[in-house]
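Subject: Structure handover

Hello,

Here is the structure for your files. My notes follow below it.

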Amino acid sequence: MDDNQDHEHTPNGALAYSSGQNGITEMEVESPAASVPPERTPEPPKPATSLGNRSPAYKLQYILSGHTRSISCIEFSPDGLMLASSAADKTVKIWDTDNGEIMHTLEGHTEGVSCIAWSPDGEFLASASDDKTIRIWSAETMSAVNVLKGHTNFVFCVAFNPQSNLLVSGGFDESVRVWDVARGRTLKTLPAHSDPVTAVSFNHDGTLIASCAMDGLIRIWDAESGQCLKTLADDDNPICSYIKFTPNSKFILVSTQDSTIRLWNMQTSRCVKTYTGHTNRTYCLFAGFAPGGKHIVSGSEDMKVYLWNLQTREIAQVLEGHRDVVIAIATHPTRAVIASASMEKDLTIRIWADQNSSTG
């Protein structure tokens, strides 16, 4: 990526918004975080029982260095044995999660890479780039098996469906595209937003697609028909950075550039929880559910990683050590392990293990 294209997580503008809390029962929030979709877990996860209600105690395990430009995204493989990372240096790197060593460097994109996603069956890795393409890599051979072309501007986000046969992508052309992975063709192009699309996600059974954008809107689409089923928005429409369905798809986690993470009820279209304390006004930061499903985790522009108690919304732990904006986080599928990645002044990935869990 050229120096003047450090946009992949730098949308312009910073909007402020404060939201009141709507009531939600303990059982309602527990269920989405604790129920783990079968396609993401080759073996039953243990962290939920081992963590209990105790506070997390994540400590640094490894520091991974290798990228030469800002890291944009990190993602554990479905079996947890590998960690993939993408960066503005046009490469995707594959790391061994057991020892922190680089296993492969995937080259082929001609501009920076903004997002990566493993297929849930573990066969493929997709990478979205400023070169307007998506590359599909074989996890077995670590070589490109297809190049998806169709976006007319930077491709910013990508995600597989649970069945691993469809791919959804979004980009600066303001559209959301649904792709047939095997044929490498666009199945649908959705005129999704009026600004660049920052994140896309399938729900647990692949019937719904969520997208969010710099226009501040969260849209829910029928994956088969391409019809927009509903639009979620706050009054002041802060820029949406990232979205992620809870495992049972009853809720959706949304990061916005007013330094707030919100949990929306899909059925009522209401925000039921907000999480604050971190800083997010400039970059598109990733967020997710920490291993065990009891905590929300996110990077922050103050160079830290934050974990919140999902129920009480209180900050449970702050991880320090990065020397620049923590843009990306990833959670291990079966162990109490979190990865975090930082930008230009740091360029490291840090692996953190929970000392309170027997699976760390």
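A nonpolar core is a set of buried Ala, Val, Leu, Ile, Met, Phe, Trp, Tyr and Cys residues joined through side-chain atoms within 4.5 Å. Buried means under 20% relative accessible area, exposed over 50%, and partly exposed in between (1.4 Å probe, protein chains only).

The model is predicted: local features need pLDDT of at least 70, side-chain atom pairs count only at pLDDT 80 or more, and totals for chains, interfaces and linings use all residues. Residues are numbered from 1 along each chain as its sequence is written, and side-chain values use heavy atoms, with hydrogens and water left out.

Cores first. The largest nonpolar core has 87 residues. Within that core, Leu83, Leu167, Ile252 and Ile349 touch the most other members. Contact means heavy atoms within 4.5 Å. Not counting residues up to four places away in sequence, isoleucine 349 touches residues including Tyr62, Leu83, Trp95 and Ala341.

Next, salt bridges. The rule is a side-chain nitrogen of Lys or Arg within 4 Å of a carboxyl oxygen of Asp or Glu. By this rule there are 5 salt bridges. One of the pairs is glutamate 344 with arginine 69, at 3.0 Å, N to O. Glutamate 344 lies in the loop between β27 (337–342) and β28 (348–354), and arginine 69 in the loop between β1 (58–65) and β2 (71–76), so the pair ties together parts that are 275 residues apart in sequence. Strands (E, at least two residues) are DSSP runs, numbered from the N terminus. Glutamate 344 is partly exposed at 34% relative accessibility, whereas arginine 69 is buried at 15%.

Arginine 262 has a salt bridge to aspartate 234, with the closest N and O atoms 3.1 Å apart. Arginine 262 sits in strand β20 (residues 260–265), and aspartate 234 in the loop between β17 (228–232) and β18 (240–245), 28 residues apart. Arginine 262 also pairs with aspartate 258, at 2.9 Å, N to O. Shared partners join Asp234, Asp258 and Arg262 into one network. Arginine 262 and aspartate 234 are buried, and so is aspartate 258.

Last, threonine 133. This residue is in strand β8 (residues 133–138). Threonine 133 is buried, with a relative accessible area of 9%. Its contacts beyond four places in sequence include His109, Ser127 and Val155.

Best regards

Conventions:
Helices (H or I, at least four residues) and strands (E, at least two) are DSSP runs, numbered from the N terminus.
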